[in-house]
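Open the model in your viewer and keep the selection tool at hand. Each stop below says what to select and what is there.

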Amino acid sequence: MVSETIPGPPGLPIVGNIGDIDATNPIQSMCNLTLKYGPIWKFYLGGERVIVANQAHMDEVCNEERFSKIIAASLEQVRNGVHDGLFTAYGPQEKNWGIAHRVLLPQLGPLAIRNMFNEMHDIASQLVMKWARHGVDHKIHVTDDFTRLTLDTIALCAMDYRFNSYYYQRMHPFVDAMADFLKTSGDRARRDPISQMFYGAESAKYWRDIELLRKTSMDVIKTRRDNPTDKKDLLNGMLNGVDPKTGEKMSDENVIDNMITFLIAGHETTSGLLSFTFYYLLKNPRAYEKAQQEVDDVIGASPITVDHLTKLPYLNAVLRESLRLQPTAPSVGLTAKEDTTIGGKYAVKAGVPIVALFPMIHRDPVAYGEDAEEFRPERMLDEEFDRRNKEFPNCWKPFGNGMRACIGRPFAWQEALLVLAILLQNFNFSMEDSSYQLQIKQTLTIKPKDFYMRAHLRNHVSATALERALASATINDSPPAPGAPGARKEKASKGKPLAIYYGSNTGTCEALANRLASDAANHGFRADVVDTLDSARESLPTDKPIVIVTASYEGAPADNAAHFVNWIGTLKAKEMANVSYAVFGCGHRDWAKTFHKVPKYIDASLEERGATKLVEMGSTDAASGDIFTDFETWEDQILWPALREKFGSSEVDGEGSLETTLDVEVTSPRSSTLRQDVREARVEEANVLSSADTGEKRHIEISLPSDMTYSAGDYLAILPLNPKENIHRAMRYFGLAWDSTLTITSAGPTTLPTDIPISATDVLSAYVELAQPASKRNVLALVDTTRDDAAKKELSRLSGEAFSTEITAKRVSVLDLLERFPSTQLPLGVFLKMQPPMRVRQYSISSSPLWNPNHVTLTYSVVDQPALSGQGRYVGVASNYLANLAPGDKLHVSVRPSHQAFHLPKDPKNVPVIMIAAGTGLAPFRGFIQERAAQLAAGRTLAPAILFYGCRTPDNDAIYADLLKRWEQTGAVSLRFAFSRKQEDSEGCKYVQDRVYHDRADIIEQFEAGAKLFVCGSRGVGDGVQECLIRIAKERIREKEGREADDGKAREWFEGLRNERFATDVFD
């Protein structure tokens, strides 16, 4: 058979592919290149290297008769400190590896690991108590605390040595030396010998670190010899064990090598596993609930014993699935023992390094299906796990292969299982930032970067009681006494206590919750708690009324409410009997089937489980644009009167009013403080795609922060700034100089920066929505700020029957009203409190990381039209912000993943793609087609793809027309246009759904071949396309079966395809 050339990126002379591999995160680069070049490819970095990245190739290279492990460049450097230890030895050809392997294997057998349980429990209990004592306000740096845990555990179990990492802010000098040694080893591996000569100071410290590691290890050995013990730990095993093959003992040098090896390998990978596991559990509430329920069913309130660990199949599956998606040792180096072929056609020479790329092997759709990207522990339950590994051998390899596989796997597994169980038994967890998306930090292993969470003790147990319980019969305690630490509290103030919880992705419901808390003082209440719904899971207060403000997002809860919603669904009896509550729901009527689904579900579920409903659920429709007025009306006319009647409070005059709850001091300039929920990016290019007379559409290219990654189909969240003209208007009205600085103090919760000087321009540009239509309460408040009778009369009229038509419908803002009625005298603090906080806007990314993993492009329409109020123009905040950016400008962004279904198929060779869009709905499909074009250019074979695209004319607004035609010529896509104003150029089709119906034969052919359908555009486009596809399906049934299809059943069938083979991304 004639062999085929292994594909790969073209390299440069001498340096090879150094520019294609990100030095800070090489694994992510390799994964992106795998998407482009396929499951086997090569690159040059100090010589040729071959990547294998699917199950079939992995199964082949796992054959130890043909292939053997080699030491990668970074591990070659680690040998400077640990020589031929188990992890870094070249193999059986090194005598010390064989001796150590045979001596240590019995020391890590099942019985030996079981006997280490008490030491493992000791360290795990230290972590539990640290988090319990710090309380719910403590922001847990997840990877840091788990690294301390795993390091202390391996040191105590292996050599009876305590680093006591939880008792010191700084780590033990040995630990710092080890961390620096590992980092520098990785850095040295990426340099050529000449470059390394310029790192003299670093090299000197590197060798000092190695000396410290080895001296400390020798001191431990000497202490053990001076104070012998019968303890059956690894240190005694290494010092006293005899190799059954040679009759030799391990030398002191070999013992030191392997002591350091165990400390490195034994803590790095397990801490990463635990960190990734909590990330995935917090992102997947159903899996979290099932895992915690298993702990409750098997262990309950009893202390955990080693026997419990054999009865936790779902927790086992959770750990396996976490390792599948994020194998903490993400690759292994292999080589062919003699010249051979892989896959029967790719020639590989003996000695050439082969890198098995586990993150891609573990996502092979052949073994794991199209949902391979999803966290689904059920696929890893024992029976399914065994079946899959039998059908697809070597599809799960996080511990390596064969005789060189991880010798410490049983140790790591027992430790991880114990820690996961004891934490779920004692805490509920929530993400510190529910919008956090996984970022990877890579050294020798991978871990989540900048991942923080909060821990809430379960069942009202106090830290003191928990400390006793960890070593006693049961974990049980009465609720803390009034005033005891427990819930997150805001500043204490007068009034009856109240708890407020919100579920919010875009910030609207959070803003409403904070507004409610701010208003509480006016009604004789105080908000003790303002927090996410997830923080209230299993801990809804019974000693105060609670108010819940939450939304539905296409029928699903907000990211920071999903665990709470899942939890109340598990309740069976009257568990909420002592809870008093009220619910306010946000939604959008265009999602008719799921309108207010989540708030209605919470409202009904709490009542069904025995809670007392204080008032009927309030609600608002975002489509009406009147969210704040609806909320304030519900507040003032329904909620507060009911709370005062039931809890005996009364309205408080003056105290807590708008004039007194937010104070603003204007001072001299100071440097600005920006919001921290997004990160700084840079504009690289900005172009106009179509003229203003057809609705201006633009293209912008943005370079992301270095460690921010994306996939084709994802969103980019933009934190915009208000238009400069609006900022200047506000500055003029309040008499603020261009360099004025504000210092804001607040008696209640606020999203504004408090107690620090901040530029007035920053506050007015980045923190508040100046163009937000005024609420009815805002208009009424302005009546009291003027002495002009005519102005009072007109403002009173606008706050009455004329409000909807004159204020809401015409989008009249508070700033508009202040300028229209110059006799008003509104303090700056009151004005700022009236404005809702600036929220991020999401745009579909219109590029692929295979084009550039560090850059994204956006395709958007600019909103700029005469204001309905008659005062100037109405400009979209975000689109005009973007339109005014130029290359070199900075902006603040974050990548947000789209629904898992809205991504290209995992198996592009066999699954066709049908894309349907109109206007800027083309954006994600530009990224899809760009990705396919890159894959074809790399030599891959792809299934067909069709793009149906609707716009007005081919001349003025067929955006990216030339680029799309070039891609069509490469075979990346087949184009089908619909021109609403030039139908003769689009087969007589006016709208995109008309062209879909016209080309229905192609739709049917590709759908029956397994195609995935994607729709992106306005709600009208989405509905029109859906009706067209249902019509085609019904006609197909008539054609094939000779009968009329039932419309209801056809729609039910179509709905069943949603998020499986049919995915939509619709917008207003």
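**Stop 1**

Select Glu1008 and Arg1036: they form a salt bridge, with the closest N and O atoms 3.0 Å apart. The pair links distant parts of the chain, as Glu1008 sits in helix α36 and Arg1036 in helix α37 (residues 1019–1041), 28 residues apart. Glu1008 is partly exposed, at 47% relative accessible area. Bear in mind that this is a predicted model.

**Stop 1: the sheet under α36**

Now show helix α36, residues 1000–1008.

Select the strands next. The sheet is open and has 5 strands, in the order β32-β31-β30-β33-β34. Their pairing is parallel. Go to the edges: β32 (974–979) and β34 (1062–1067) each pair on one side only. On average, neighbouring strands of this sheet are turned by 10° against each other, direction ignored.

Zoom in on β31 (residues 945–951), which is joined to β32 by 6 bridges. Pick Gly950 there; opposite stands Ala978 in β32.

**Stop 2: helix α33**

Select residues 923–937, helix α33. Is α33 largely enclosed or largely open to the outside? Of its 15 residues, 13 are buried, so the rest of the structure largely encloses α33. Check the length too: at 1.5 Å a residue, the 15 residues should span 21 Å, and the end C-alpha atoms are 21 Å apart, which agrees. Step just past the helix to Gly939, which takes a positive phi of about 100°.

**Stop 4**

Select Asp528 and Arg526. Their side chains meet in a salt bridge at 2.7 Å, N to O. Asp528 has a relative accessible area of 9%; under 20% is buried, so Asp528 counts as buried. Arg526 is partly exposed, at 22%.

Move to Glu608 and Arg609. This salt bridge has its closest N and O atoms 3.5 Å apart. Which of the two is buried? Arg609 is, with a relative accessible area of 16%. Glu608 counts as partly exposed, at 45%.

Finish with a group. Select Glu321, Arg324, Asp371, Arg376 and Arg379 together: salt bridges link them in a network.

Note on methods: Residues numbered from 1 in each chain as written. Predicted model: local features only at pLDDT ≥ 70, side-chain atom pairs only at ≥ 80, totals over all residues. Heavy atoms only, no water. Pairing = 2+ DSSP bridges. Helix = DSSP H or I, 4+ residues; strand = E, 2+ residues; numbered from the N terminus. Axes fitted to C-alpha atoms, helices over the stretch in contact; angles between N-to-C directions. Contact = heavy atoms within 4.5 Å. Expected span 1.5 Å × (residues − 1). Buried < 20%, exposed > 50% of the residue type's maximum accessible area, 1.4 Å probe, protein only. Salt bridge = Lys/Arg side-chain N within 4 Å of Asp/Glu carboxyl O.
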